[in-house]
Amino acid sequence: MEKKFDFMQRKDLLVCDAPSSDTRSTSPLSRENRERLKGHHGRVIWFTGLSGAGKSTMANTLESSLHARGFHTYILDGDNMRLGLNRDLGFTPADRAESCRRTAEVARLMMDAGLVVIAALISPFRKEREMARSLIGEDRFFEVYVDTPLAICEQRDTKGLYRKARNREIADMTGIDSPYEPPERPQMRTGPDEPLEDAVVRLMVLLNFS
Ligand SMILES: Nc1ncnc2c1ncn2[C@@H]1O[C@H](COP(=O)(O)OP(=O)(O)OP(=O)(O)O)[C@@H](O)[C@H]1O
Ligand SMILES: [Mg+2]
């Protein structure tokens, strides 16, 4: 017959604190505890810019570079968010604001877990980006403006969306019939005048991730 495991023998596996009486459920661990285990701070790097500007491309290069240097990372890409958590949202201004809010909330949780979070979404409205900044905290939020002019994005048109917008097959396309509000004081601005690799290296230096 199988011998019964005596759980009391392994009480060393548990570290218990007194339960809290707050309404908000609190973990006995702080962000600092988690960050210590990871060996770095949680941060949010937020890429904004027109569709086709190069946000995802830059986010991917940044993540690979950080990963290779031992950072714990995750990308929240607008397109991927729309396949799951944001799949009930469209492209009206209200839905875009909500998409941004949800992404900011998820980014905050992941940052609290000690991750370097890379958000790559058009996020066209200043108000929502500022909301993300205040939710995440000024010292943890790093806004990168991928400032590729509309003419170049439209020429790239990797998803064929600009052609559809010009033909009035789709509505609410940022830069065509939906506004884009550029950041006034982004922590970093890059554009087609700067090679991708240079921009990523500069970003890592600015973030003290080099
Ligand atoms: N620095 C660059 N120089 C030349 N082409 C680039 C550069 N960055 C991105 N591209 C190209 O531009 C196209 C659009 O890039 P990407 O998908 O990263 O844009 P995005 O900002 O993520 O757009 P969306 O908001 O629609 O997801 C891709 O074909 C990509 O290879
Ligand atoms: Mg993208």
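Modeller: Start with β4: F141, E143 and Y145 point one way from it and F142, V144 and V146 the other way, and all are buried. Buried means that 20 or more other C-beta atoms lie within 10 Å of the residue's own; exposed means 12 or fewer, partly exposed is in between, and C-beta atoms are placed from the backbone. Strands are DSSP runs of E with at least two residues, helices are runs of H or I with at least four, and both are numbered from the N terminus.

Colleague: Before we go on, what kind of model is this, and how are residues numbered?
Modeller: This is a predicted model, where local features need pLDDT of at least 70, side-chain atom pairs count only at pLDDT 80 or more, and totals for chains, interfaces and linings use all residues. Residues are numbered from 1 along each chain as its sequence is written, while chains are lettered from A and ligands numbered from 1 in the order in which they are written.

Colleague: Back to β4. Which strands does β4 pair with?
Modeller: β4 runs parallel to β1 (residues 43-48), with five bridges between them, and parallel to β5 (residues 188-190), with three bridges. Two strands count as paired if DSSP finds at least two bridges between them.

Colleague: Is β1 buried or exposed?
Modeller: Mostly covered, with six of its six residues buried. R43, I45 and F47 are on one side and V44, W46 and T48 on the other. β1 also pairs with β3 in the parallel sense over five bridges, and F47 stands opposite A120 in β3.

Colleague: What does W46 touch away from its sequence neighbours?
Modeller: Leaving aside neighbours within four places in sequence, W46 is in contact with A119, R129, A132, F141, F142, E143 and V144. Contact means that the two C-beta atoms, placed from the backbone, lie within 7 Å.

Colleague: How many residues are in the largest nonpolar core?
Modeller: 36, and V44, W46, V117 and A119 have the most contacts inside it. The elements that give two or more residues to this core are β1, α2, α4 (93-112), β3 (116-120), α5 (126-136), β4 and α8 (196-206). A core here is a set of buried Ala, Val, Leu, Ile, Met, Phe, Trp, Tyr and Cys residues joined through C-beta atoms within 7 Å.

Colleague: New topic, the ligand. Which residues are closest to ligand 1?
Modeller: S51, G54, K55, S56 and T57 are the closest of the 16 residues that surround ligand 1. A residue counts as near if its C-beta atom, placed from the backbone, lies within 6 Å of the molecule.

Colleague: Which helices contribute?
Modeller: α2 (55-68) and α3 (78-81) each supply at least two residues of that shell. The largest share, three residues, comes from α2.

Colleague: How does the shell divide by residue type?
Modeller: Four nonpolar, eight polar and four charged. Nonpolar covers Ala, Val, Leu, Ile, Met, Phe, Trp, Tyr, Cys and Pro, charged covers Asp, Glu, Lys and Arg, and the others, Gly among them, are polar.

Colleague: Where is T26 found, and is T26 buried or exposed?
Modeller: T26 is in the segment before α1 (31-38). T26 is exposed, because 12 other C-beta atoms lie within 10 Å.

Colleague: Last one: what is the overall make-up?
Modeller: Eight helices and five strands. Of the 210 residues, 30% count as buried. The C-alpha atoms fill a box of roughly 75 × 40 × 40 Å along the principal axes.
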